[in-house]
Amino acid sequence: MILIRLLLVKSEAKRLDCFLLVIGYSLLVIGYSGRQKRITNIQQGISNKEVKSERHRDVIRRNNKFIWKRKHLLSLRDLSRRELEHIFETAAGFEQFSTRSIKKAPTLRGKVVVNLFFEDSTRTRISFSLAASRLSADIVDFTKKSSSVSKGETLIDTARNLEAMGIDIVVIRHNAGGAAKLLSRSINACVVNAGDGFNEHPTQGLLDVYTIIKERGSMEGLKIGIVGDIAHSRVARSNIWAMTKLGAEVTLIGPPTLMPPKVDQLPVNISYSLDDVIEDLDVINMLRIQFERMGGNPFPSVREYSHFFGLTVERMQRAKDDMLVMHPGPINRGLEIESQVADGKNSVILDQVANGLAIRMAVLFLVNQAAAAENKS
Ligand code: MLT
């Protein structure tokens, strides 16, 4: 309107007046939207420099419309599609951190995060520690071997004792399915499941899906194969829930002896032959055989397993040219995957590790935000 009037006004002075009005109005609009953006960024602990790209601006704009309410992350089975998307949107905002010279945000300053790991871990524990440290939290690392658990203390007693010291978030890995849930019912701190028995490994599932979305733009309609030891894999379960909720078609591939009980109740296809399905797959996730969780041998020999289910250079020639190759690690080179494939052009295995950091920052940020909202109300 003002612009039209500006063109219609004849007198020089009036035209100048209108021109100044337009400039003033534009500055007002720019100033207001800049302020709103700064507020959002401060809430997220992200400086303006870091949200340069259009993608991150979009992400943060959408983020404003959803309120995360869970102070625990126990499983992906529980989450809605919108909740999953919200985690990815938050992770996208945090991703810029890895490229900064100072990799810190003040988001969890003054908070204590405990890594309560009753099982061995390299990637997950370090990734959670790094994520917490990038958010400025204090971190306590607990391992079973060096604790009173080796003297017979129960999980709940250990956690309650830690809580008495004022912890805010517990990241737990345990060999019993349901341990994270049990803990969340027994203490006030936020609980994040870093792998419970055969049940779930939610942050691994999230980082796997996040990696695929970054490569492919969306999960909708993708054909994904999860290959190997499905029976003992918490990664497979978290993958199945997140991938299918976001519109992918999942096929579990492996010998019948490595399929979980009640597999027919899962929202997946099943194949006992990798060769039958490899040509159709957009993504393949190769699982480790979890010998440490097995009673007996689920197949005649490791060589035979590799022959039928290993991802070899020869098999890759029959796959789609751009099929993504994934693995949650640790890799048994030569068993479930050949070295040339693990390190080859289709592999996104190291991207998964890198993306895990942003995902875990997002999860720690969100559970803490939900706890803070709960304490206020
Ligand atoms: C897990 O903890 O489940 C791993 O990340 C996958 C594996 O151990 O094979």
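**The crossing of α4 and α14**

Is the crossing of α4 and α14 left-handed or right-handed? The crossing of these two helices is right-handed, a crossing being left-handed if the near helix is turned anticlockwise from the far one by less than a right angle, and right-handed if clockwise. This is a predicted model, in which local features need pLDDT of at least 70 and side-chain atom pairs count only at pLDDT 80 or more, while totals for chains, interfaces and linings use all residues. Residues are numbered from 1 along each chain as its sequence is written.

The axes of α4 (residues 81-94) and α14 (residues 349-376) come within 8 Å and cross at roughly 115 degrees, where axes are lines fitted to C-alpha atoms, for helices over the stretch in contact, and angles run from 0 to 180 degrees between N-to-C directions. The two helices are therefore roughly perpendicular to each other (angles under 35 degrees count as roughly parallel, over 145 as roughly antiparallel, 65 to 115 as roughly perpendicular and the rest as oblique). Helices (H or I, at least four residues) and strands (E, at least two) are DSSP runs, numbered from the N terminus. On the α4 side the contact is made by I87, T90, A91 and F94, and on the α14 side by A358, I359, M361, A362, V363, F365 and L366, with two residues taken to be in contact if their C-beta atoms, placed from the backbone, lie within 7 Å. By class, these residues divide into 10 nonpolar, 1 polar and no charged; Ala, Val, Leu, Ile, Met, Phe, Trp, Tyr, Cys and Pro count as nonpolar, Asp, Glu, Lys and Arg as charged, and the others, Gly among them, as polar.

**The crossing of α8 and α9**

Helix α8 (residues 202-216) and helix α9 (residues 234-245) have axes that come within 8 Å and cross at roughly 50 degrees, which makes α8 oblique to α9. The crossing of α8 and α9 is right-handed. In α8, P202, Q204, G205, L206, D208 and V209 meet V235, S238, N239, W241, A242 and M243 of α9, and the residues of this contact divide into 7 nonpolar, 4 polar and 1 charged.

**The ligand shell**

Around the ligand stand G195, H201, Q204, R234, V235, R288, Q290 and P328, a residue being near a molecule or strand if its C-beta atom, placed from the backbone, lies within 6 Å of it. This shell has 2 nonpolar, 4 polar and 2 charged residues. Q204 and V235 of the shell also belong to the contact between α8 and α9.

Strand β1 (residues 112-117) pairs with β2 over 6 bridges in the parallel sense, and V113 has I139 as its bridge partner in β2.

**Backbone exceptions**

Most residues other than glycine have a negative phi, and most peptide bonds are trans. S136, in the loop between α5 (123-134) and β2, has a positive phi of about 70 degrees although it is not a glycine. A cis peptide bond joins G329 and P330, with omega about -5 degrees, and P330 is found in the loop between β9 and α13 (339-342).

Conventions: Pairing = 2+ DSSP bridges.
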